Amino acid sequence: MENVRVAGVDVMTFGQYMWPSKRHMLVSEYVTPEAFERYRVLGMEMVLPEMGA
């Protein structure tokens with residue numbers, strides 16, 4: 001996330017691919033809700049200091 005922020009990206013969206021059928025690409029990893037929360041916290045820590053909060 002730091003590299004993307006330095007490159008000037010202001011918005012980053014995280015999502016999860018759910019395998020819709022056997023004809024589609026396999027899921028390589030299930031990301032837990034706890035991992036998404038860690039990403040959110042890291043992202044907020046990167047943004048808030050720049051906003052003066």
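Which helix gives the most to the lining of the largest pocket? I opened the notebook with that one, keeping in mind that the model is predicted.

**Overview.** I looked up the secondary structure and got two helices and zero strands. Of the protein's 53 residues, 6% count as buried. The accessible surface came out at about 4900 Å², and 61% of that belongs to carbon and sulfur atoms.

**Pocket.** I went to the largest pocket next, which has a volume of about 280 Å³. I found 15 residues lining it, with Met 1, Met 12, Gly 43, Met 44 and Val 47 nearest its centre. Helix H1 (2-6) and helix H2 (33-47) each supply at least two residues of the lining. My opening question is settled: H2 gives the most, with seven residues. I also sorted the lining by class and noted eleven nonpolar, one polar and three charged residues.

**Aromatic rings.** I searched the whole structure and found two aromatic pairs. Phe 14 and Tyr 39 have ring centres 5.3 Å apart and planes at 25°, so I logged the pair as stacked. This pair links distant parts of the chain, since Phe 14 sits in the loop between H1 and H2 and Tyr 39 in helix H2, 25 residues apart. For Phe 36 and Tyr 39, the centres are 6.2 Å apart and the planes at 85°, so that pair is edge-to-face. Both Phe 36 and Tyr 39 lie in helix H2, three residues apart, about one turn of the helix. I wrote down one aromatic cluster made of Phe 14, Phe 36 and Tyr 39.

Tyr 39 is partly exposed at 34%, and Phe 36 is partly exposed at 25%.

Notes:
Residues numbered from 1 in each chain as written. Predicted model: local features only at pLDDT ≥ 70, side-chain atom pairs only at ≥ 80, totals over all residues. Heavy atoms only, no water. 1 Å grid on protein atoms, 1.4 Å probe; cavity = no way out; pocket = protein on both sides within 12 Å on 5 of 7 lines; lining within 4 Å. Points joined across faces, edges and corners; volume = space filled by probe spheres on them. Helix = DSSP H or I, 4+ residues; strand = E, 2+ residues; numbered from the N terminus. Nonpolar A, V, L, I, M, F, W, Y, C, P; charged D, E, K, R; others polar. Buried < 20%, exposed > 50% of the residue type's maximum accessible area, 1.4 Å probe, protein only. Areas by Shrake-Rupley, 256 points an atom, 1.4 Å probe, with all protein chains shown as cover. Phe/Tyr/Trp six-rings, centres within 6.5 Å; stacked < 30°, edge-to-face > 60°.
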